[in-house]
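The notes below are meant for a colleague who is opening this entry for the first time. Please read them with the sequence and the model side by side.

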Amino acid sequence: MTVPFFPFFKVFKPRIPIFAANFRMGMISGRLKSLLVAAFSVFFVTNSLPVLAQEGHEKEGQPTEKQGEPKKPKLFDANEVIFGHIMDAHEFHFLSYGPKEHQKHVTIPLPVILYSPQRGFTTFLSSNFHHGHESYKGYVVLTEHNREELKLDPKKYFIGSIVPVTESGEFDPTVKVYDISLTRNVVQMILALSLLVWIMLSVAKRYKKGEGVTSAPKGMQNTIEVVVNFVKDEVAKPSLGNKYPKYLPLLLTMFFFILINNIFGLIPGSANVTGNIAFTLVLSVISFVVIMFSTNKHYWGHIFNPPVPMGVKPILVPVEILGVFTKPFALMIRLFANMVAGHILIICLISLIFILGALNKVAGIGFAPFSIGFTVFIYLIEILVAFLQAFIFTMLTAVFIGQAFEGSHDDVDGHADEVIA
Amino acid sequence: MKLLRKFFLINIKFTIMDLFLLADMANAGGAIGAGLGAIGAGIGIGQIGKGALEAIARQPEAINDIRSNMILTAALVEGAALFSIIIGFLAMVL
């Protein structure tokens, strides 16, 4: 293959060091190469207009088509599976089986509670929706299929939300509906709450009876003591100093609530509570409110009048003011992103089996052991992340609260850190 | 000849702008941004691990303290990297 180019090298005399690789086909001289590149790019760019003109046609959002063409093969819709697991829904969905047209679902339906100023309160079980195939009492739940039929804007109306419809099945824009139903996030939060309260109250009762106070702790007391002592000694005391008893209930509640919801979220079929930005938003707002209520004059002095040279102050003061808000904001995003990323990763790894299986059944089955092995590995990491993120959220809240009432650096007892001998 | 060159120039400008206005470009941009964030996370957590291992090598009896500090710092750095993943998501959805 290098034969046609051989006289070529004799003419152009490449000045680059002569490695063996240079004599392969493709190492043409720089000038000719750039000329060829320019010519090709001009050719391709000018001829790609007809391709770009079809922009409206292809939306590469999902690998399946929803155009109702019976001839195209039904591929696996990874997008729908992933978002179906991460978003909130009106039922606990465990599995679906059967052919695509007559799918059967194993679910636990949850009550739907709707309030509309025009129609009043409506409550019913979400199984009446039949997964978007029927409307019930003037409402319908949105699926991909429905949303296209009702011609709703995909950016405003999300899959899984409930929209009002008229008798004939058209979207009814005159009715405003507020969805206050018991979705699966709410039910899981209530479950986590009741589990937490039950554990804590039963352990506290045993302490009140005298077990574990002067004698060795028994049963659940062991676990709870370890964890509470950990939060008290590693999180609360270092940051909050002597005022830690005031904040310890908040820190413990945050830690246990986030931890239990994280762990529940890892069970297949459960809801993704901590990966919901509304949940983490509320937690960070609670942190923000507590931080604001613990501030003292010194803190605000540092924000509006930091002890820095005059030239730096105009830059630093806006940054400090922003910093008051970015710290809880980062708390929210950190927990949300960690949890959502973990769930998406696990779902994607399992979906790989089905994506490959849709192309070629043998490839899908053959790939399954690798996928499951990797998923188990990521699952173990996710359990670590569950504990870690609960700890980080609590610890950062404690640190920010401690920074808020720090006081001037003169009246902190200034003995040097003891050397570990 | 000049007309032909003018035609080509106008053509090139138009098609490159057109390329950037495609909705799928947002998806590509989001994916590239998320990938860059992953690079940042890798570098950051790698540095943390390096420092932790060196510290353990210097003073093996402090291994428990070092290990807990390493995991804590890694979670904070990963939080920053996950910001970029979220922005990548937003680029895709918005």
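1. The side chains of Lys232(A) and Asp233(A) meet in a salt bridge, with 3.8 Å from N to O, where a salt bridge is defined as a side-chain nitrogen of Lys or Arg within 4 Å of a carboxyl oxygen of Asp or Glu. Lys237(A) and Asp233(A) are separated by about one helical turn, because they stand 4 residues apart in helix α7 of chain A; helices here are DSSP runs of H or I with at least four residues, strands are runs of E with at least two, and both are numbered from the N terminus.

2. Asp233(A) is partly exposed at a relative accessible area of 34%, and Lys237(A) is partly exposed at 35%; buried means under 20% relative accessible area, exposed over 50%, and partly exposed in between, with a 1.4 Å probe and protein chains only. The model is a predicted one, in which local features need pLDDT of at least 70 and side-chain atom pairs count only at pLDDT 80 or more, while totals for chains, interfaces and linings use all residues. Residues are numbered from 1 along each chain as its sequence is written, chains are lettered from A and ligands numbered from 1 in the order in which they are written, and side-chain values use heavy atoms, with hydrogens and water left out.

3. Over all chains, the count comes to 3 salt bridges. Another of these pairs is Glu211(A) with Arg206(A), whose side chains meet at 2.9 Å from N to O. Glu211(A) is partly exposed, with a relative accessible area of 21%, and Arg206(A) is likewise partly exposed, at 27%. As a general point, side chains of opposite charge can pair when their charged atoms come close.

4. Turning to chain A overall, there are 12 helices and 7 strands, and 33% of the 421 residues count as buried. The accessible surface of chain A comes to about 26100 Å², of which 69% belongs to carbon and sulfur atoms; such areas come from the Shrake-Rupley method with a 1.4 Å probe, and for residues only the protein chains shown count as cover.

5. Which residues have the most contacts inside the largest nonpolar core? This core has 48 residues, and those with the most contacts inside it are Leu240(A), Phe255(A), Phe391(A), Ile392(A), Phe393(A) and Ile401(A); a nonpolar core is a set of buried Ala, Val, Leu, Ile, Met, Phe, Trp, Tyr and Cys residues joined through side-chain atoms within 4.5 Å. The elements that each supply at least two residues of this core include α7 (220-240), α11 and α12 of chain A, together with α3 (63-93) of chain B. Apart from this core lies another of 11 residues, among them Ala337(A), Val340(A), Ile347(A) and Ile86(B).

6. Helix α3(B) has 31 residues, which at 1.5 Å a residue should span 45 Å, and its end C-alpha atoms are 44 Å apart, in agreement with that value; the expected span is 1.5 Å times one less than the number of residues. Among the buried residues of α3(B) are Ile66(B), Leu72(B), Leu82(B) and Ile86(B), and what covers the buried residues of this helix includes α11 and α12 of chain A together with α2 (23-58) of chain B.

7. Ile353(A) lies in helix α11 of chain A and counts as buried, at 14% relative accessibility. The residues that Ile353(A) touches, leaving aside those up to four places away in sequence, are Gly364(A), Phe367(A), Ala368(A), Ser371(A) and Ile372(A), where contact means heavy atoms within 4.5 Å. Between Ile353(A) and Ala368(A), which are 15 residues apart along the chain, the C-alpha separation is 5.7 Å.

8. A nonpolar surface patch of about 680 Å² has Ile263(A), Ile350(A), Ile372(A) and Phe387(A) among its members; patches are made of residues with over 30% relative accessible area and no salt bridge, like charges being joined within 9 Å and nonpolar side chains (Val, Leu, Ile, Met, Phe, Trp, Tyr) within 5 Å. Helix α12(A) gives the most to this patch, with 5 residues. Phe387(A) lies in α12 of chain A and is partly exposed, with a relative accessible area of 43%.
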